[in-house]
Amino acid sequence: MFPLLNFLPLLGFASLAIILYALYNLLLHPLCGLPGPIGAKTGLWSWKSTRAVKLDMGWKLLKLHRRYGTIVRIARNEASICDPGAISQIYSFKSPLQKTRFYESLSGLDGPTSISTVDNKHHGEMRRAESPAYSAKLFPNFEQNIDTCTNDLFNYLDRCIADGKGTVDLALILQFFVIDVVGELALSKSFELSATGRDTCQFLPLLVKFLEMACLVGTQPMVAPILRRISKMGLVSSRIESRSKEYKNQEIYSNHHNMLQVFDSDSEMINILTCCSAQLLTAQNPDGSEYSLEQVRAAVDLLTCSVDTTAITMRAMIRFVVGEAEIYTKVQIEIDDAVNCGAITFPLSYDDARKLPYLQACLKETLRLHPPVPWTLSRSVGRGGAIIAGHFFVEGTEVSMSPFVVHRRQEACGDDAEAFRPERWIEADTDQRKTMEHNNLAFGSGPRVCAGKAIGMMEVSKFMPFLLWKYRISFTPRSETSPHLRKVGRGVDGRVSAAEPYFVTSQWVVLQSDFWCDLSRRK
Ligand code: HEM
């Protein structure tokens, strides 16, 4: 009893401090005039961390904006803005705001990668150093790489169909395909997952975990170092960095197997990047020289940035196209006609892919309604503050926009903004199309725009028509005997239904799983 009494003053002091902190945030903080959830306004509860844990960011943020309007305080020091007019104010090329510290958590390495670098100047240098990797000169090679992986995947699917096993989980299969493409792009060697239809490297659960954990850690910058340690993220990154230095010094491990053995001693998170890093660190340039640290960084960036986003786009496009009989028929007619008149041949070149305007419109519409990254792309207001969406923000406050929310605003693309209507991209005149493209944040915007945008567009544009031409696809009906893991699906807007063909979680990326489809050969 008595020792407890000794703690009472301390307890009282702590409670008072918390109350004062909450009152300050509520009444005196520079963002105090903005509406938002009470936890965010008092700073006592992190609305964003809750989204990171519950994996429901997109539709919850949309709901907040519908309730509170254009500018919503979603964290003690962060305002989410859904006015498309603010895109050029926040992500402008001329005077870009700096990324927030949230991004540091997205680094797969201890040092920053291009997506995780906060400082604009440092980022510029890094991006210039990495630019040869994304050069258009390499596109013919990239096309070949994509064709090789497409061929592997289609051979696998043909085998499945021939064996009477044409019901496949396209969520998994497409992820394999995209990982293989990254292997080809970064290492000139596919990981050969789609050739076997199996995740032989155990990449997927780990990559998903890494990104989910990274996003959660990013919402708690004050305790990020501790969380990184607990989650072993730091361990992963420092191991890779130190291994790469050791490798560069030629002190140890000059071959793949030794390296894997060392990494194998730690389980779980440590393996995330090691499957690839083992190959990365021993990767060589055509002249026999080893990969520089910059190349390793760029390749890690490739993995963390491209694998999910590209596969998500492909799955969503199948969901939208195959799910609407009229659209599906239009797509098939467009491809068949182009083949029959000799305008295109398979494997499809990127140039030929762009001769399919309706398919291109479907892709743009997919990226609009199901942008792979729905999370708020946050930036810090610089010296002197800034007026954004008609509101003055003081230096140091964080402002952000979610592609998912902005794209669903009528101001962004018309009254039917919530509908999947590829025709809007074809009917629009040049000015309207320019506006819609400007209002599209799927790849980000300004100097921090996705470095792999052209590669991602090429990959999806080449692959999707080939898949839709070669195979008839239908969603496997959900039943007691179907292979689905869940009795219901969930769409990109959070709606739960048995008719929804996949299950979506919405965090840094809007990931789909349990996407069972029946495939048969068309041609
Ligand atoms: C459909 C496919 C893709 C989508 C929708 C997408 C989307 C994005 C988004 C939203 C960002 C973050 C922008 C921000 O934080 O402001 C980003 C960054 C990035 N993406 Fe992509 N991405 C895709 C494919 C790719 C591919 C294929 C690659 C690599 C070949 C790639 C490499 C990168 C890199 C390196 C960054 C960091 C850019 C920087 O800050 O300098 N992405 N991407």
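## Around the ligand

Which residues surround the ligand, and which of them are the closest? The shell has 22 residues, and the closest are Ser306, Gly444, Cys450, Gly452 and Gly456. To be in that shell, a residue needs its C-beta atom, placed from the backbone, within 6 Å of the molecule.

Two helices each supply at least two residues of the shell: helix 15 (293-323) and helix 23 (453-470). Helix 15 gives the most, with 7 residues. Sorted by class, the shell has 11 nonpolar, 8 polar and 3 charged residues. Here Ala, Val, Leu, Ile, Met, Phe, Trp, Tyr, Cys and Pro count as nonpolar, Asp, Glu, Lys and Arg as charged, and the others, Gly among them, as polar.

## What kind of model this is

This is a predicted model: local features need pLDDT of at least 70, side-chain atom pairs count only at pLDDT 80 or more, and totals for chains, interfaces and linings use all residues. Residues are numbered from 1 along each chain as its sequence is written.

## The chain as a whole

The chain has 23 helices and 14 strands. These are DSSP runs numbered from the N terminus, with helices being H or I of at least four residues and strands E of at least two. Of the 523 residues, 45% count as buried, that is, with 20 or more other C-beta atoms (placed from the backbone) within 10 Å of their own.

Take the contacts (C-beta atoms, placed from the backbone, within 7 Å) with a separation of 6 or more: 71% of them come from residues 24 or more positions apart.

## A hairpin and a buried loop residue

Strand 1 (residues 71-75) has 5 of its 5 residues buried, so the rest of the structure largely encloses it. Its partner is strand 2 (residues 78-81), and the two run antiparallel over 4 bridges; for strands to count as paired, DSSP must find at least two bridges between them. Arg73 has Ala79 of strand 2 as its bridge partner. With 2 residues between them, the two strands form a hairpin.

Leu106 sits in the loop between strand 3 (98-99) and helix 6 (120-130). Leu106 is buried, because 21 other C-beta atoms lie within 10 Å. Leu106 and Met213 are 107 residues apart in sequence, yet their C-alpha atoms are 9.3 Å apart in space.

## The annotated stretch

An unreviewed UniProt entry annotates residues 7-27 as "transmembrane region"; such annotations may be inferred rather than shown by experiment. In the model, residues 7-27 are 100% helix and 0% strand, with the end C-alpha atoms 30 Å apart.

Methods:
Buried ≥ 20, exposed ≤ 12 C-beta atoms within 10 Å, placed from the backbone. Contact = placed C-beta atoms within 7 Å.
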